[in-house]
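The sequence and structure come first.

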Amino acid sequence: MKNSSLTASDLATRAPFHGQLLIDGAWVEAVDGSKLERRSPAHDQLVAVYAQAGVADTEKAIAAARKAFDHGPWPRMKGADRARVLRKVADLILERKHAIAEMETLENGKPLAQSLAEIEGSADLWQYAATLARNLHGDSYNTLGESTLGVVLRDPIGVVSVITPWNFPFLIVSQKLPFALAAGCTAVVKPAEVTSGSTVMLGQILIDAGVPPGAVNILVGRGSVVGDVMVTHEDVDMLSFTGSTAVGKAAVAKSAATLKKVSMELGGKNPQIVFADCDWDAAVDAAVYGIYFNAGQCCNSGSRILVQETIAKKFVAEVIERSKHVKVGDPLVAGVQVGAITTEKQMETILSHINSAQAQGATVALGGSRIAGTGMYIEPTVVTGVTREMAIAREEVFGPVLAVLTFNTVDDAIDLANSTLYGLSAAVWSQDFSTCMTAARRIKAGTVWINTFLEGHAELPFGGYHESGIGRELGRFATEDYTETKTLHMHLGPRTDWYLPR
Ligand code: NAD
């Protein structure tokens with residue numbers, strides 16, 4: 001497979017990607033013939049045209065997943081056979097990684113090298129899930145007396161609705177789907193409408209790898225239409241959702257009518273706590289990387305720097321200096337570190353957060369504006385003089401906007417870290433073991449990095465406290481989330497009669 005050599009000037013003549021809906025093993029147009037177009041946020045060129053699903057298509061997809069679960073081979077296959085298919089998916093992802101990465105960059109706006117790393121990391125998740133497919137097991141109790149044997153089974157939960165956002169489209173579907181499949185579930189998948197291409201490409205990989213018809217169905221379409229049916233339909237057993245806290249909360253509320261199991265990965269306002277005794281260069285670098293990676297459009301972005309008062313002035317000055325050298329621009333150009341903002345709506349949201357921070361008394365010490373010209377780019381932005389009550393200290397911006405707050409003691413730092421409604425991740429920077437561990441143990445977040453930031457491994461669970469979500473993805477229990485637990489309570493030998501005691 002060739003490396004991508006695509007440039008912006010090729011886009012005017014490049015044929016847009018054509019995507020259909022994957023329903024019951026076949027690529028089809030929408031029942032009503034509806035289409036959805038995507039323009040590149042970095043170049044404003046048409047890059048993809050999709051069949052756009054509506055309610056009828058969604059109902060067909062759910063029916064196919066239901067039939068595949070109730071009567072199809074996938075839930076009944078040996079774990080070893082499911083593992084073989086998942087490994088094949090991983091191999092095919094790696095074979096096609098350049099084409100998938102190119103699609104991701106064109107739709108999302110992130111630099112091509114970062115897309116490529118995302119696709120490779122995703123293949124690793126499919127490989128890891130394959131190991132879990134062979135390891136999923138229940139439990140047994142041989143300690144319940146002579147006449148009793150207890151066996152606890154793990155049963156695939158059924159049909160899973162998988163709904164994903166636009167910031168890491170391929171990675172996030174790969175945090176969910178292989179684990180649901182490893183457990184023996186079937187699925188209906190809906191990527192965010194602005195970044196559907198890589199998930200549609202995954203659909204062809206699933207077919208080529210031998211996933212049976214109906215086991216995975218893929219719908220391109222609007223959240224308010226397709227997503228709504230996927231959240232409310234009685235034939236769906238579980239909702240696995242990644243997206244904003246607001247949409248996630250509404251989805252949980254709607255799903256409650258059919259009492260579905262939910263797994264929710266939502267927003268964050270993640271603090272990096274920088275103590276005076278930190279490894280200086282590493283902490284400065286992490287502050288910059290943590291907020292500008294993926295243009296700050298990460299649930300895990302380090303969007304709050306909490307810096308100890310004694311070093312605050314010097315530390316912030318260095319962060320600002322390095323921020324000035326971050327390369328923002330065309331994501332197809334090698335060496336660019338920050339690409340385009342993915343949607344016009346997100347651009348407006350970011351700018352309005354910057355404006356309201358200023359209105360509330362904070363200082364925009366660097367950047368703060370949209371960069372003029374074609375494509376949706378924004379300047380790396382540092383906001384200082386932030387206090388914990390300000391919206392910029394509490395609300396997710398989802399852009400390259402760093403809010404700087406200061407503290408004096410370890411207790412202050414922890415208190416500040418825990419002062420939002422979120423609890424997804426945090427980092428602690430100190431060379432003192434006690435400081436690191438005290439902070440790490442008391443911070444309410446699903447992941448705490450110590451002297452590093454934004455690293456992830458398939459083995460390590462990921463998810464949030466409070467309004468950052470419900471449940472955990474990845475790790476060795478990831479497949480268990482997609483199961484029901486069934487107890488077999490077995491009686492051996494004659495049973496004492498209740499009605500006529502012997
Ligand atoms: P979003 O909530 O707007 O959309 C997420 C998905 O939900 C999309 O596929 C969308 O079409 C769908 N959707 C929208 N309305 C719906 C409805 N009424 N019913 C069902 N589905 C609906 O989020 P986004 O803007 O795509 O992504 C950004 C958000 O995702 C940020 O808040 C970010 O923090 C969060 N996120 C969280 C994680 C995590 O793992 N915690 C990872 C990535 C992104």
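Into how many nonpolar, polar and charged residues does the lining of the largest cavity divide? The lining holds five nonpolar, five polar and three charged residues. Here Ala, Val, Leu, Ile, Met, Phe, Trp, Tyr, Cys and Pro count as nonpolar, Asp, Glu, Lys and Arg as charged, and the others, Gly among them, as polar.

This is a predicted model, in which local features need pLDDT of at least 70 and side-chain atom pairs count only at pLDDT 80 or more, while totals for chains, interfaces and linings use all residues. Residues are numbered from 1 along each chain as its sequence is written, and side-chain values use heavy atoms, with hydrogens and water left out.

Searching the whole structure gives two cavities of 30 Å³ or more. A cavity is a set of points on a 1 Å grid over the protein atoms alone where a 1.4 Å probe fits but cannot get out; lining residues have an atom within 4 Å of a point. A volume is the space filled by probe spheres set on the points.

| Cavity | Volume |
|---|---|
| Largest cavity | about 50 Å³ |
| Second largest cavity | about 30 Å³ |

Of the 13 residues lining the largest cavity, Ser301, Ser303, Glu396, Val397 and Phe398 are the closest to its centre. The second largest cavity is lined by residues including Asn108, Lys110, Asn294 and Val338. Its lining takes at least three residues from each of domain 1 (8–266) and domain 2 (271–450), with bounds from an automatic or database domain assignment.

Helix α6 (residues 197–209; a DSSP run of H or I, at least four residues) has 10 of its 13 residues buried, meaning under 20% relative accessible area with a 1.4 Å probe, protein chains only. Among them are Met201, Leu202 and Ile205. Just after α6, Gly210 has a positive phi of about 105°.

Notes
On a 1 Å grid over the protein atoms alone, a cavity is a set of points where a 1.4 Å probe fits but cannot get out, and a pocket is an open set with protein on both sides within 12 Å along at least five of seven lines; lining residues have an atom within 4 Å of a point. Helices (H or I, at least four residues) and strands (E, at least two) are DSSP runs, numbered from the N terminus. The expected span of a helix is 1.5 Å times one less than its number of residues. Buried means under 20% relative accessible area, exposed over 50%, partly exposed in between (1.4 Å probe, protein chains only).
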